[in-house]
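User: Hi! I am new to reading structures. Could you walk me through one?

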Amino acid sequence: MPKGATEATAAGEVIFRGIGVSSGIALGRAFLREPPDDQVVERDIARAEISREIARFEAALIATRRQIRAIQKDCDPSVATIFDAHLLFLDDGPFIKSVFAGIEGRHKNVELVLRDVAQGFIQSLENVKDEYVRERANDVQDVARRILHNLAGKQPTLAEITERGAIIVAHDLAPSETVVINKALVAGIALDLGSPTAHTAVVAAKLGIPTVVGLHNMSPQVRAGDELLVDGAKGLVILRPSAERRAQAQRQVKTKHDIERELTRLRDLPAETVDGYRLVLAANIELPQDVEAALSGGAEGIGLFRTEYFYMARKELPTENEQYEAYRSVAKRMAPAPVIIRTLDLGGDKFLAGLDASQQESNPSMGWRAIRFCLAQPDLFRTQLRAILRASVVGNVKLMYPMISNLDELVRANVILDQAKKELLEKGHPFNPHIEVGAMIETPAAAIGADLLAPYVKFFSLGTNDLIQYTLAIDRGNERVAYLYEPAHPAVLRLIKNAIDAGHRVGIWTGVCGGMASDPLMTPLLLGLGVDELSVSCSSLPLVKDAIRRVSLSEAREIAELALNSPSAVEAHERFRELTKKIAPEILELVE
Ligand code: PEP
Ligand code: MG
């Protein structure tokens with residue numbers, strides 16, 4: 001059933017398929033968030049009224065700023081920074097000036113001028129190819145709507161939810177609405193619009209509310225009070241779920257609670273198999289504030305800090321000091337645990353407005369991306385390297401290069417690293433001169449030639465998302481070939497094994513930080529292949545640790561041997577299921 005599709009079952013259910021952006025199961029009753037009333041009345045104003053309209057606008061700006069600061073103060077710290085973008089926009093000179101100019105030049109009321117100016121900003125953001133930047137149009141919409149509400153003296157509507165177990169159903173939801181959701185009352189969120197990179201999705205995931213977005217035409221088909229099931233892992237919303245499905249969902253919810261409760265007990269226990277094989281379980285983060293979720297999940301380090309998100313959230317490149325502060329805060333909070341900072345991985349599907357030749361490329365995944373982009377822009381690269389080096393004095397910082405495909409890139413990157421060290425010495429900035437450098441193994445070339453790279457690095461980290469994309473020739477972002485995504489494909493596994501073995505032969509460790517590591521069904525397989533570290537999404541930490549602690553290394557090796565030699569991944573999957581069913585049947589229920 002493709003995304004956006006609807007299916008009716010014999011039991012009278014209607015199943016909507018979208019994109020799961022925050023996992024977990026929620027069962028509850030629909031709370032319909034009516035689309036905000038964006039109707040604006042047009043009024044001509046006399047010259048004498050101009051100053052009054054401007055004063056109304058200024059008062060609404062002040063009220064909006066105050067409300068956003070209040071939301072920021074009360075909300076989860078991990079999402080509070082999202083509102084920095086809203087505040088920045090409120091202080092945005094061109095935006096404010098355009099509204100003033102519109103009132104003065106057009107002799108129209110502030111509501112109309114504001115709507116038109118905001119629309120102009122939204123349209124120019126929506127024309128940007130990068131999905132992340134495009135999503136910022138929602139932020140502008142959100143702020144403009146709040147100013148309009150303040151001009152009309154209205155309050156937002158989600159405050160009307162008073163009963164537990166509400167599933168918010170809406171065409172779309174603004175991040176500022178999502179962030180004030182009362183977690184005790186809201187069980188799930190189902191939206192017609194949205195994508196995984198939208199701030200609303202980010203906020204929902206951090207709040208841990210099961211959420212499915214991209215459901216297309218779902219909201220008009222749901223009535224207030226309808227019973228709904230939201231499955232955030234599978235990306236499904238089920239209207240009027242059958243008794244059987246409700247019972248299964250209740251079991252899954254209970255299992256998840258039991259596992260979470262159990263796992264708070266496991267939090268400080270080692271990630272160790274039943275026969276005593278110990279590996280490092282670390283977390284992936286995108287923004288500095290994610291470090292709190294990593295710590296509360298019991299991460300033993302940060303295995304991947306994707307620094308480009310920090311760049312992408314900005315209009316201009318962050319300065320060395322800004323980067324240093326961000327890296328330093330993570331290193332300090334995690335110390336003495338390791339923090340692996342990955343250098344910029346822009347390009348592919350991640351762009352930066354204003355710095356972006358790759359937008360014109362016809363095949364950007366294979367184009368001017370990651371280390372290729374950085375080597376071509378040594379000033380920008382050295383700035384980031386200096387910031388990482390400076391942060392290395394406050395904690396256990398390591399750095400790694402993305403998308404290495406030959407030794408030359410590694411050597412050139414290290415030459416630039418040496419230049420960055422020299423510059424810091426000259427300026428008198430302290431740094432760890434022995435900072436460990438690793439390479440991501442995410443191209444088939446790097447995996448096959450891992451023995452050639454290994455002597456030049458202290459560790460490898462397998463980026464399975466890209467490794468699978470390049471090995472199986474399937475575009476990560478193309479839904480039509482997504483069915484070919486198969487982490488257990490024997491060709492992928494042989495590349496992984498080759499890299500791990502090549503590293504071990506010269507005494508370096510290998511971790512996995514791609515999405516495959518976050519799937520507990522894959523945990524025995526990766527263990528059996530010999531990985532030394534798994535770096536997973538913060539929300540997957542408990543389940544993956546549980547999976548590690550339930551399996552034996554000998555069972556894991558057997559699975560790996562079988563999968564490496566299976567003609568296809570089908571047989572291997574059957575064995576993963578059998579083993580998981582034997583050692584942790586409740587995990588199977590959660591992930592299937
Ligand atoms: C990967 O490719 O698996 C990886 C971890 O890097 P990213 O997902 O950021 O490309
Ligand atoms: Mg990658």
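User: Is D466 buried or exposed?

Analyst: Buried means under 20% relative accessible area, exposed over 50%, and partly exposed in between (1.4 Å probe, protein chains only). Here D466 is buried, because its relative accessible area is 2%. This is a predicted model, where local features need pLDDT of at least 70 and side-chain atom pairs count only at pLDDT 80 or more, while totals for chains, interfaces and linings use all residues. Residues are numbered from 1 along each chain as its sequence is written, chains are lettered from A and ligands numbered from 1 in the order in which they are written, and side-chain values use heavy atoms, leaving out hydrogens and water.

User: Which polar side-chain atom lies 3.0 Å from an oxygen atom of ligand 1?

Analyst: A polar contact is a pair of N or O atoms within 3.5 Å; within protein, one must be able to donate a hydrogen and the other to accept it, and residues adjacent in sequence count only if both atoms are side-chain atoms. In this case, the polar side-chain atom belongs to D466. T464 has a backbone N or O atom 3.0 Å from an oxygen of ligand 1, and for G463 such a backbone atom lies at 3.4 Å.
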